[in-house]
Each structure stands twice: as C-alpha cells, then as structure tokens.
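My notes follow in the order in which I looked things up.

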Amino acid sequence: MGTGDSASHLPETKIELLDHEEHEDDDFLMHIKSPQVKPCRNSSLDGQKFSLSPTAANGHHKQGAGHEEHRTLSRKFMSMSNLHLDDEEEEAAPVAKEETAAKHQEHDAKHHTLDHTVGTVTPTSSLKRTQSELAIAVESDDEEEEDHEEHSTSKIGEELLVVFDMDRTMVGDLVALSDRDNIETNVDWTWWPEGRHHGLNADEIVPFLKRGMLRPGLISMIQYLREIGATIVVYTHSERAWASKVCAAMEEVAGFKFIYRLFSRQDCKDGHPEFAARKSLQFVCDELSKDSGMSWVSISRTIMFDDDGNVLGGGDQCRLIRVPTYDYWEPCQWDEVVNDDVLSKNSAECVDIVTRSVVEWGIAPPSFGKEDLTEGEIAADKRWEEAKQRKEAIKLSYNKVAKLDRLWFTLKESIASLSELDDDTMEELPARLRKSLGQSAKPMMRRRA
C-alpha cells in the first residue's frame, strides 16, 4: 500500500470479497456478443475479509460438470460462422456468500455445460463452479501507522461510497482471457503438465491491462477518490473466481490496494431472486454497514458507475451513472497449454468436453477433433476461418479509438470541482455527473449509435 494514501475506510489487514456482473448496450452497428457465463470454483474464503494481493492465487483444478455422456463448458457466445455482431454487453467481479455445491442443468437431456465467470447470466446456464482463493496480503506495522495518520484528518469523501461495475466499465472485453482460464481451470483433467498452474493468474492479466485493457484514466480517478477518503467497492456480475483475479491485477497495475470489498454474481439476482433488478445497492449498503466504522453507509451516500442502464431497480436507480461501454479487446490463445499433446494424455471424457466447448463457443473450427474430413467439413472450416479473421480485424481496428476514452478524466474533474459533499450535494451528485458526461465529448467506443 502506498505511503499515506490508503482508502479511508480500507481495513488495515484485509479486504472483503463478495461475489459478480451484466451488460446491455446502446444500439450499435457492430458488436460481438460476449459469452454469458464462466464457471467458478468453491472456496473456503466466502464470507471472510481478505485483501486483494498483487497476485491472485492460482486456480486449483476441480471436478467438471455432471457425468452425463456429453458435456461442454457453457458459454453463450456467437457462432464464428456468423459475422453479425450483437449489442448485448456483460459485466463482471466480487463476493459475499459461500457457494458450496455446483449447479447442474440438463441441456438436450444429455448435454451439460459449465457456466462462465464473465458476462451476463441467463436462466438456462447450468453448472456453476466454486470460487478460487486470493492470497492474503498482510500490511506491515508501518503501513498501519501511516493509515492511522491519514485517517486522523477529516476528508470531504469520508462518507462517500463509490461502486464500480467491472467488465466494460473499469476494463475492456476480457472474454478471450476468461475462455482460456475456464478451460484450464474447470475441466476435470486426468493429466496436467508438471509445474504448470491451471488458468491465468493476476500477473498474466497485468500485461493486457497495461496495453489498453484497463480503461484510460481509471487509476487517476481511483487515486483522487482515495485522496478524499472515499470507500471503493467493485460490484460485478462475473463469478468471484475470475473477478478476483482481475481485481488483483488492477491493484497490481495501480501499485496500491483500493478495493474495500468485492461483490460478484452470487450477490446479484442470481443469488438473490428477490432483487428488483440484476444488482441491488441496498444489499451492498446493508452488507457494508455491518462493518465497524461503516454505519454511515446508505443509498443516499452512494453513487454507482455501470455501463448497463437497467442494472438497478426501485430506489437504487437514481444513484446510477450509466457510462459508455469500453470495448478494448485482445485475443488470447486458448490452446497455449491445452494443445494436442495434453489432450492425447487425458481421458476421452476430458477431450470430449473440451472439443464440444471450443466448437460451441466458436473459438475452434467446426471440425476440431475430427479426422478424415469430408469436402463439406473442409469448406465449413474455411468459412469459419474467414469469418474469424474478419471479426478479429473489426475488433482490433477500434482499439486505437478506445484508448482515446476520456470518461474517468471527465468524472474526476466534475467531482473535484465540489468543495463539500453534504447531504444536499450528495442528493444532486448523480445528476451532476450524468450532466457532465452529456456536456463533454462522449467517450469513443468501437460501436456507433
């Protein structure tokens, strides 16, 4: 933790994680529909407080979905043979309740899938994996003393709660990375390369963030919020296992811890059917107000940034600042580890679930895993490859434009112009921030209205 700049309400030795995310975009010309869900894995950490360390613990390999004859890793994604790009968005990061058992749901009587950790959850998603651990980062005595000194001075944001959505709000399109992490982490591998960890860890996500996956200006915004003493939480519809890795990577890039708590998918409507919408600020406030020194937390002292305008319902809606979607994207090779050699050393069941999954997701050709291809299959593979190249070219072509995004700079300037955050100012703050976005140049994205 940086000297003298810890979050005002950040616990001295730990950060609590809770479980993730969503998305609905404006009507844009071309946008690829991201996967809906990705599995998570059980963890004994649910309901406990931990700080996000610079590197998330490596995922341990777990049992796959069901034992039916045919299974795949579930993911709602576009067919690579279809060039149409959808408008739906997704989001995802962190956790409150323990998910002790995997959910199973039939697909065509004998086809089971694993849910994704990234993106919007649909009612048809099936088995959910459990959460993975984050390493505990314990602060030194010196850091604790520095925190105490900083907190001794009153700051205008000491009673300001800022809730950030993760996917396409704080970061760009992480689908390709989550696909690889999903395959490596959530298949019940019978053989795995010695010394090789399962899935991606925070250190492997960091380079993507530094190249542009982290939304421009986010660190500057976070630094300012910490300076004024605001409490920062992440509320994503992603599964905890994946979201915790992304959050740890963001903190590693920032060079300091800033996430007080992580709320994820099980803290959304998925785990709370009574919610009026996908997420609930009232739930977040109720959970946080249980902590020592957090009795001030309430809806009226909260603002939330999310690219989904329908993510909140009821009285929560007025506290939402809908932000333009950030669509920076990069490819990530799913079979860097899970290559032909690894597949040849695993059971037929493992090979079957991987084959079905990557073909269904559209990240491998239709004939993947087959031999002695027919002319029709060869032609289908050729069409798939051509469509894949077109789609990737479209997404990559917009990355330079995405890097010109000024969202967080504009919002920071708007908040910094305030001399106090009393009750009257807090009541008007969401509308003030929405107005500042409307009057400034709209952050550029890879989709046009």
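Is Trp 192 buried or exposed? I find Trp 192 buried, because its relative accessible area is 13%, and buried means under 20% relative accessible area, exposed over 50% and partly exposed in between, with a 1.4 Å probe and protein chains only.

**Ground rules.** I am working with a predicted model, where local features need pLDDT of at least 70, side-chain atom pairs count only at pLDDT 80 or more, and totals for chains, interfaces and linings use all residues. Residues are numbered from 1 along each chain as its sequence is written, and side-chain values use heavy atoms, with hydrogens and water left out.

**Around Trp 192.** I located Trp 192 in the loop between H2 and helix H3 (202-213). I also looked across the sequence: Val 342 is 150 residues from Trp 192, yet the two are 7.0 Å apart in space, C-alpha to C-alpha.

**Whole chain.** I noted 12 helices and 8 strands in the protein chain; helices (H or I, at least four residues) and strands (E, at least two) are DSSP runs, numbered from the N terminus. Of its 449 residues, 60% count as buried. The chain exposes about 17,400 Å², and carbon and sulfur atoms supply 48% of that. These accessible areas come from the Shrake-Rupley method with a 1.4 Å probe, and for residues only the protein chains shown count as cover.

**Strand E5.** Next I turned to E5 (residues 231-235), which is mostly covered, with 5 of its 5 residues buried. Which residues point which way from E5? Thr 231, Val 233 and Tyr 235 go one way, Ile 232 and Val 234 go the other, and all are buried.

I then checked the neighbours of E5. Strand E4 (residues 161-164) pairs with E5 in the parallel sense over 4 bridges; two strands pair if DSSP finds at least two bridges between them. Here Val 163 has Val 233 of E5 as its bridge partner. E5 also pairs in the parallel sense with strand E6 (residues 261-263), over 3 bridges, and Tyr 235 stands opposite Phe 263 in E6. From E5 the chain crosses through helix H5 (residues 240-254) to E6, and I logged this β-α-β crossover as right-handed: with the strands pointing away from the viewer, the path from the first strand over the helix to the second runs clockwise.

**Helix pairs.** How do H2 and H8 pack? Helix H2 (residues 175-186) and helix H8 (residues 348-361) pack at an angle of about 165°, their axes 11 Å apart. Axes are lines fitted to C-alpha atoms, for helices over the stretch in contact, and angles run from 0 to 180 degrees between N-to-C directions. H2 is therefore roughly antiparallel to H8; angles under 35 degrees count as roughly parallel, over 145 as roughly antiparallel, 65 to 115 as roughly perpendicular and the rest as oblique.

I looked at H3 and H5 as well: their axes come within 8 Å and cross at roughly 60°, so H3 is oblique to H5.

**Positive phi.** Most residues other than glycine have a negative phi. I flagged Arg 168, with a positive phi of about 65° although it is not a glycine. Arg 168 is in the loop between E4 and H2 and is buried, with a relative accessible area of 2%. I flagged Asp 372 too, with a positive phi of about 50°, in the loop between H8 and helix H9 (375-397). Asp 372 counts as exposed, at 75% relative accessibility.
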